[in-house]
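Welcome, and please take a moment to look over the sequence and the model below. We will then walk through some of its features together.

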Amino acid sequence: MRDITHKQITLRSARATAIIFCSAETIKIIEEGQLPKGNLFDVAKAAGFIGAKLTPQLLPHCHPVTIDGMDIRFEFLSQETHGSLFPEGIFSRKGIVIYGEAKSIGRTGIEMEMLTAVSVAALEIYDMLKPVDTALEIGHIKLLEKKGGKSDRKKFFATSPTCAILVCSDSCAEGKREDRSGTLIQHMLEETKANVVYYKILPDNKEEIQQQIKDWVSEDIQFIFTTGGTGLGPRDNTVSAVKEILERDADGITEAMRNFGQMRTPLAMMSRAVAGSIANTLIVTLPGSSDGARESLEAILPAVFHARKMMKGGGH
C-alpha cells in the first residue's frame, strides 16, 4: 500500500451519486409500500453504510479510514430536482437517485468509501426490486465533490511566492560538511510552485544571520526559511537570532511542525523553532537535520503561503 505517513491529518469530505432506473409501475409500487421484500430505502441505506465500512476489504490499495459522519438519501428522478447532476437525455426515464455524503478526519480521502456506499445501496435496491421489475439498470455512479486533499490546496497556488533559504551551520560554512537540508527545502518549495530566489550558507552567528534576514526583508522576499540552529547545543544560535528581530510571532506554525514531528519521533519536542513576521515577510526556522526539515515542511506546506495574503490585509 502507498505510504501516506507524510500526509497531514485534515477534515476530508466527499459526495457521490448513482441512479437505478426502473419502470413507472415500480415507482408506484414503492410509493404504495407494496414491495414483497418490505421497506426499501431503510435497508438500502443500511447496506450503503456497511459497504462504506468494508471498502478497504474490497479494494486492496484502499487505506482504512475512520468514517466520522455519513448520510445516504433517495429521491425519485426528476429534471427539476436533478437537472444539474445528470445529462438531459435521461429524464425521459424513471428511476431512483441515490445521493450520499461523508466526512472523515484523516490522512487520506473518503471518496472511495462514498462511491462504494452508493454502489452497494444501488445493488440492494436492485435486489429488492427484481421480483417486480425485470428491466432494472444501475448507472451514472460518480463522485460529485471531494474536499480536504490536494484539490483544496490549489487555492494557495494563486501566485508563486518568492522564497529565500538560509542554511545556518558552522560546519557547512567552513566546507566540512555538505548541506543536505537546504537543498531538500529548496526542492520541496519548488514542488509547491514557489520561486526560490536566494540560497545562502552562513555560520551560526547571530549578527550575520540577523543582517542577512534584514537584507532579504528590505527586498520584500515573501518567505524566508532558515535551517539549523534550532536545537539545544551551545552553538545553536539561529532561534535566538531570529526571535530578537521578529515583529510579530506566528506560534501556530511551529506548533503544527512540532505536533507533526512528535507523531514520528519523540525528539521533535527538542526543537526550539520559531516563526513570525517582519514587515510583510514571514520567517520560519526549520531543523538542521534532513528528516526534521522535511517533516516540518510537510506539516505546513502549502498552507503557510496564505500568510502573505493575511499580512497584506487579505481575508483569513
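How many aromatic pairs does the structure hold? The structure holds 4 of them; rings of Phe, Tyr and Trp (its six-membered ring) pair if their centres lie within 6.5 Å, and planes under 30 degrees apart count as stacked, over 60 as edge-to-face and the rest as tilted. In one of these pairs, the ring centres of F41 and F74 are 4.9 Å apart and the planes are at 15 degrees, so this pair is stacked. The pair links distant parts of the chain, 33 residues apart: F41 is in helix α2 (residues 41–53) and F74 is in strand β2. Helices (H or I, at least four residues) and strands (E, at least two) are DSSP runs, numbered from the N terminus.

Before going on, a word on how to read the model. This is a predicted model, in which local features need pLDDT of at least 70 and side-chain atom pairs count only at pLDDT 80 or more, while totals for chains, interfaces and linings use all residues. Residues are numbered from 1 along each chain as its sequence is written, and side-chain values use heavy atoms, with hydrogens and water left out.

F41 counts as partly exposed because its relative accessibility is 23%, whereas F74, at 16%, counts as buried. Here buried means under 20% relative accessible area, exposed over 50%, and partly exposed in between (1.4 Å probe, protein chains only). Another pair is made by F223 and F305, with ring centres 5.2 Å apart and planes at 70 degrees, so it is edge-to-face. This pair, too, links distant parts of the chain, 82 residues apart: F223 is in strand β7 (residues 223–227), and F305 is in the loop between α12 (290–300) and α13 (306–311). Both F223 and F305 are buried. Ring pairs also link F41, F74 and F76 into a cluster.

Which residue lies over the face of F21? That is R93, at 3.9 Å from the ring centre. A charge sits over a ring if NZ of Lys or CZ of Arg is within 6 Å of the ring centre and within 35 degrees of the ring normal.

Now turn to the surface. I50, L54, L58, L59 and M112 form a nonpolar patch there, with about 420 Å² of accessible area together. One of them, L59, is found in the loop between α3 (55–58) and β2 (69–76), and L59 is partly exposed because its relative accessible area is 31%. Patches are made of residues with over 30% relative accessible area and no salt bridge, and nonpolar side chains (Val, Leu, Ile, Met, Phe, Trp, Tyr) are joined within 5 Å, like charges within 9 Å.

The backbone deserves a look as well. A cis peptide bond joins L301 and P302, with omega about 0 degrees, and P302 lies in the loop between α12 and α13. K193, a residue other than glycine, has a positive phi near 75 degrees. K193 lies in the loop between α8 (181–191) and β6 (195–202) and is exposed, with a relative accessible area of 54%.

Finally, how many disulfides does a search of the whole structure find? The search finds 0, a disulfide being a pair of cysteine sulfur atoms within 2.5 Å. C22 is buried at 10% relative accessible area, and C62 counts as buried at 13%.

Terms used
Areas by Shrake-Rupley, 256 points an atom, 1.4 Å probe, with all protein chains shown as cover. Salt bridge = Lys/Arg side-chain N within 4 Å of Asp/Glu carboxyl O.
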